[in-house]
Amino acid sequence: LGNYVEIIDLATGTDSSDWEGTPDTTFCSASGGTIAYSTILGPGEGRLFKIVEVDDNFTTPVYGTVLLSHDIILLEDLVIHDTSTLIIDSGVSILAHPDSDITIINDGTITVNGTSSDSIYFGPWIEESDTVSAGDWVGIYFDNDADGTLNYCSIQYAEIGIEMRTDSEIDISHSNISKNETSGIYNFKGY
């Protein structure tokens, strides 16, 4: 195993109409191939867990066209610029350390291709024992003619979920932008 894993409880949160939280997921550290995780089961209750390795070595800045089809943890800012494009496949989780953000600038583009049954999650990286709260990461910033399409995604616990600056344009549909510290969407000279 790598440094981080995603533990998915396949027995909970499986209502397909609740696309923002299906199924229940926990992210935790894996040290030397060992995962420290616990859950409480009632009498006669069983659980089925899926364990997925999470990439913590994603290279930034993004140049050209990059397809992201696996979960990542951002240890630093993710920058998409100079006519580059980041395409995110359905089901991906992007977790950011405190003070990290996703910045799309200078004609850069981000395309988030979530679906109603397999959405995309943007949120903070927190250790299993910590409590998640608003402002645990910076957010997503569009500036200087940046473009974005966000379909079926959830952006939570940022300082500002999405900030649009100079001549940026985004199309958002079927998305949950909530539990952020200052605002969900802040538009300062964007479209």
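**Exercise 1.** In which strand does P124 lie? Work out its surroundings too.

*Solution.* Keep in mind that this model is predicted.
- Step 1: Look up P124 and you'll find it in strand β12, which covers residues 120–124.
- Step 2: Check the accessibility. Buried means under 20% relative accessible area, and P124 has 6%, so it counts as buried.
- Step 3: List the contacts. Leaving out residues up to four places away in sequence, P124 touches L95, A96, V132, D136, W137, Q156 and Y157.
- Step 4: Compare sequence with space. H97 and P124 are 27 residues apart along the chain, yet their C-alpha atoms are 6.0 Å apart.

**Exercise 2.** Find the order of the strands in the open sheet of five strands.

*Solution.* 
- Step 1: Read across the sheet: β5-β8-β11-β14-β17, with parallel pairing.
- Step 2: Pick out the edges. β5 (65–68) and β17 (169–173) have a single partner strand each, so one side of each has no neighbour in the sheet.
- Step 3: Zoom in on one pairing. β14 (residues 147–151) runs parallel to β17, and five bridges join them. Here N151 sits opposite S173 of β17.

**Exercise 3.** Describe how the rings of Y186 and F188 are arranged.

*Solution.* 
- Step 1: Count the aromatic pairs: there is one.
- Step 2: The ring centres of Y186 and F188 are 6.5 Å apart and the planes make an angle of 5°. Planes under 30 degrees apart count as stacked, so this pair is stacked.

Notes
Residues numbered from 1 in each chain as written. Predicted model: local features only at pLDDT ≥ 70, side-chain atom pairs only at ≥ 80, totals over all residues. Heavy atoms only, no water. Pairing = 2+ DSSP bridges. Helix = DSSP H or I, 4+ residues; strand = E, 2+ residues; numbered from the N terminus. Phe/Tyr/Trp six-rings, centres within 6.5 Å; stacked < 30°, edge-to-face > 60°. Buried < 20%, exposed > 50% of the residue type's maximum accessible area, 1.4 Å probe, protein only. Contact = heavy atoms within 4.5 Å.
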